[in-house]
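Please walk me through this structure.

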Amino acid sequence: MNHNNRVACVMVGLPARGKTYIAQKVCRYLQWVGIQTKVFNVGNYRRQLTGAQTDHSFFDPHNEEASQLRLQCAIEALNDMLRWFKKDHGVVGIYDATNSTASRRRLLRERLEAADIQVMFIESVCDAEDIVLRNIMQVKLNSPDYADGVESETIVNDFRARIEHYEGVYEPVTEDESTFVKMVNVGSKVIINRICGYLQSRVVYYLMNLHIVPRAIFFSRHGESMYNVLGKLGGDSDLSPRGRKYSEALPGLISKHLDGQNLTVWTSTMRRTIQTGQHLPYPKLQWKALDELDAGVCDGLTYEDVEQQYPEDFALRDDDKFNYRYRGGESYRDVVLRLEPVIMELERQHNILIVGHQAILRCIYAYYLNYSHEELPYIKIPLHTVLKLTPRAYGCDVEQYKFDIEAVDTYRANPKRPSSLKRVGAHTPTTSADLRA
Ligand code: ATP
Ligand code: F6P
């Protein structure tokens with residue numbers, strides 16, 4: 001990797017402005033597209049150094065002892081990030097702290113630029129009182145900064161006092177400082193300055209699509225298809241009689257969960273997803289990008305056929321399913337890349353139901369739930385089951401609804417797969433149907 005391609009995204013903003021939220025999302029997105037990314041949260045260093053529960057006085061700029069400790073934490077996090085760039089070949093490091101003064105940002109810039117790392121400030125500005133209060137209620141009431149049992153009102157007051165300490169010294173990023181993207185009131189205005197290169201523009205484009213309006217994303221595979229019954233891969237077959245029953249039952253469950261709200265249905269361009277969505281009384285959109293992973297020469301074969309006719313390929317796929325590309329077809333890695341515009345659009349949208357395919361839904365599910373590339377191709381997305389994802393502040397709730405309509409099981413476990421695969425990053429679902437193998 002060319003050193004000029006390394007970027008440090010330095011978060012800037014008062015407390016409760018969504019910096020950690022943005023940092024986590026950018027990290028998850030970049031990891032999903034295969035870019036080595038890591039978040040360095042200075043708050044975690046503080047909690048380790050001083051213990052978790054500190055009241056607002058710790059953030060008072062006149063508190064000299066605390067200011068020294070805060071600087072120490074900032075430098076430790078920076079040193080770890082620099083080490084990570086060097087030793088672990090990091091590509092995008094996200095430095096999550098308030099970084100609210102020009103002098104702190106200068107210190108960071110000097111160290112990072114000396115190591116040949118581009119610096120991009122991501123500043124979140126928010127003067128909407130209602131949003132700030134909602135943020136405090138959503139994420140600070142359960143923050144490790146407050147002991148269990150402390151009254152909500154006490155927490156809100158203390159957190160507001162913390163914000164006031166920062167307001168006293170806060171200096172917004174200026175044009176002569178560096179490259180920046182400034183998000184004002186959750187993207188109602190986005191100001192960019194000196195953005196250059198592929199990585200920076202990709203991050204900016206992603207940020208421009210984010211919103212925080214509550215919504216749900218429903219996933220359903222198509223109903224059981226004739227090819228599913230025969231155990232064949234790919235194709236463009238019709239639904240089986242049981243698959244048709246599923247398509248008839250689907251609208252009832254979806255409308256129950258919508259509570260009168262709007263929904264848009266996305267299908268692939270394949271018969272089985274279009275047929276599955278046919279009874280849903282909502283606007284529909286077909287996406288070519290949602291078509292199932294192309295199995296190339298293996299399209300129309302069963303797994304047993306593939307093992308017999310292409311034994312080497314069969315073994316190679318078990319060795320590295322994410323990267324294995326079918327002859328004349330695609331790999332999961334290819335599919336992730338073609339799904340990127342779908343993810344961007346999903347971020348912009350409100351309630352969406354995706355009627356998709358096994359491999360496609362695995363890729364999208366992995367984005368929301370932060371599964372590693374190793375785990376992704378083995379996520380269990382059964383037929384005749386709806387998954388409801390509700391994005392939350394730092395994660396996603398998942399509910400799973402299985403219909404009482406039988407279907408074949410198209411899941412194939414990997415005989416060579418190591419038993420303990422780890423989830424990537426610190427981004428955990430708030431609750432999750434466990435869809436791991
Ligand atoms: P702190 O400095 O205390 O760590 P923070 O700025 O990192 O605070 P978060 O903990 O990320 O703030 O706040 C999460 C909340 O911010 C979520 O409820 C999320 O909906 C909201 N949020 C996300 N993006 C934005 C934004 N651009 N502006 C304001 N709020 C946002
Ligand atoms: O078997 C159903 C199916 O959607 C096939 O069309 C596709 O090739 C396969 O699942 C993808 O799953 P896997 O990657 O586990 O083979």
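Val7 stands opposite Val92 in β3. The model is a predicted one. Start from that pair and widen the view. Strand β1 covers residues 7–12, and strand β3 covers residues 92–96. These two strands pair in the parallel sense, over four bridges.

Now take in the sheet around them. It is an open sheet of six strands. Read across, the order is β2-β3-β1-β4-β5-β6. The pairing is mixed. Strands β2 (37–41) and β6 (189–193) form the edges, and each pairs on one side only. On average, neighbouring strands of this sheet are turned by 15° against each other, direction ignored.

Next come the helices. Helix α1 spans residues 19–32 and packs on the sheet. Helix α1 touches β1, β2, β3 and β4 (118–125). The direction of α1 makes about 160° with that of β2. Helix α7 (residues 198–208) lies across β1, β3, β4, β5 (179–184) and β6. Against β5, helix α7 runs at about 0°.

Last, look at the ligand. Ligand 1 is surrounded by 21 residues. The closest are Pro15, Gly18, Lys19, Thr20 and Tyr21. Which elements give two or more residues to this shell? They are α1 and α5 (129–140). So far as α1 is concerned, the helix that packs on the sheet also contributes to the shell around ligand 1. By class, the shell has eleven nonpolar, eight polar and two charged residues.

How values were computed: Residues are numbered from 1 along each chain as its sequence is written. Chains are lettered from A and ligands numbered from 1 in the order in which they are written. This is a predicted model: local features need pLDDT of at least 70, side-chain atom pairs count only at pLDDT 80 or more; totals for chains, interfaces and linings use all residues. Two strands pair if DSSP finds at least two bridges between them. Axes are lines fitted to C-alpha atoms, for helices over the stretch in contact, and angles run from 0 to 180 degrees between N-to-C directions. Two residues are in contact if their C-beta atoms, placed from the backbone, lie within 7 Å. A residue is near a molecule or strand if its C-beta atom, placed from the backbone, lies within 6 Å of it. Ala, Val, Leu, Ile, Met, Phe, Trp, Tyr, Cys and Pro count as nonpolar, Asp, Glu, Lys and Arg as charged, and the others, Gly among them, as polar.
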